[in-house]
Amino acid sequence: MILLLGIGLLIFSLTMSYYTDKEAAEELISGSYDIGKTEYYEREAELRTHKTTFMDLGAGISVSALVLLGFFIAKRIRKFSDLIQIMSINKTLIFILSNVIWLVLIPGTHFYHIFRRGRGDYPPFADSIGISIINQISLLLFYDTIEFIHRIDNDKKYNTNTNIH
């Protein structure tokens, strides 16, 4: 049911226009280098519809529902009481999966920013999305490193062994 809601929102967003007045938006985009950034963003906000909001919301709900559906199918969960019988995975597998998932975020970050650039989320004078990509990947790497150090520190503090060092 949640998957259908997400797909419905995504389809609804595809029927909408990006701007309330297409001609005014084209004039704004073509003259974006002649006006200040603040003025551009104010005028662009007045012209923009909620298309991208519905698109992001629909895609997010659909992907979340698909992940849950895949998990339920893989674990053969048919009813709510089946969730109690799921066994947790060991620490080594958690460590490996967390790093693999982090590595998947790198191409995901590229796709996300290139997709947003293609649908016009960035103004024409924003000539590079590389800064956004590098900042996001660097932030993810920073948090992953902090988590790794924290885990090692906790192992020493509580005299446990997670087999990661």
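This tour moves through the structure stop by stop, stating what to select and what is found there.

**Before starting**

The structure is a predicted model, in which local features need pLDDT of at least 70 and side-chain atom pairs count only at pLDDT 80 or more, while totals for chains, interfaces and linings use all residues. Residues are numbered from 1 along each chain as its sequence is written, and side-chain values use heavy atoms, with hydrogens and water left out.

**Stop 1: the whole chain**

Read from the N terminus, the order of elements is α-α-α-α-α-α. The radius of gyration is 22 Å, well over the 15 Å that the globule rule gives for 165 residues, so the chain is more spread out than a compact globule. This radius is taken over C-alpha atoms, and the globule rule is 2.2 Å times the number of residues to the power 0.38. Along the principal axes, the C-alpha atoms fill a box of roughly 65 × 40 × 20 Å.

Now switch to a surface view. The chain exposes about 12,200 Å², of which carbon and sulfur atoms supply 66%; accessible areas come from the Shrake-Rupley method with a 1.4 Å probe, and for residues only the protein chains shown count as cover. Of the 165 residues, 22% are buried. Here, buried means under 20% relative accessible area, exposed means over 50%, and partly exposed lies in between (1.4 Å probe, protein chains only).

**Stop 2: the loop between H1 and H2**

Select Met-16, which lies in the loop between helix H1 (2-15) and helix H2 (22-30). Is Met-16 buried, exposed or partly exposed? Its relative accessibility is 21%, so Met-16 counts as partly exposed. Leaving out residues up to four places away in sequence, Met-16 touches Thr-49, His-50, Lys-51 and Phe-54, where contact means heavy atoms within 4.5 Å.

**Stop 3**

Thr-49 is buried, at 19% relative accessible area. Beyond four places in sequence, the residues touching Thr-49 are Met-16, Ser-17, Tyr-18, Tyr-19 and Thr-20. A distance label from Thr-49 to Thr-15 gives 12 Å between C-alpha atoms, although the two are 34 residues apart along the chain.

**Stop 4: the loop between H4 and H5**

Select Arg-76, located in the loop between H4 and H5. Most residues other than glycine have a negative phi. Arg-76 is not a glycine, yet its phi is positive, about 55°. Arg-76 is exposed, with 64% relative accessible area.

In contrast to the exposed Arg-76, Asp-82 is buried, with a relative accessible area of 18%. Which residues does Asp-82 contact, leaving aside its neighbours within four places in sequence? They are Arg-76 and Ile-77. From Asp-82 to Pro-124, 42 residues apart in sequence, the C-alpha distance is 52 Å.

**Stop 5: the largest pocket**

Select Met-55, Asp-56, Ala-59, Phe-111, Tyr-112, Phe-115, Arg-116 and Arg-119, which line the largest pocket. On a 1 Å grid over the protein atoms alone, a pocket is an open set of points, reached by a 1.4 Å probe, with protein on both sides within 12 Å along at least five of seven lines; lining residues have an atom within 4 Å of a point. About 180 Å³ of space lies in this pocket, a volume being the space filled by probe spheres set on the points. Helix H4 (51-74) and helix H5 (91-118) each supply at least two lining residues, and H5 gives the most, with 4. The lining has 5 nonpolar, no polar and 3 charged residues; Ala, Val, Leu, Ile, Met, Phe, Trp, Tyr, Cys and Pro count as nonpolar, Asp, Glu, Lys and Arg as charged, and the others, Gly among them, as polar.

**Stop 6: the loop between H5 and H6**

Finish at Tyr-122, in the loop between H5 and helix H6 (130-158). Tyr-122 is buried, with a relative accessible area of 15%. Apart from neighbours within four places in sequence, Tyr-122 contacts His-113, Arg-116, Arg-117 and Ile-129. Among these, Arg-116 also lines the largest pocket.
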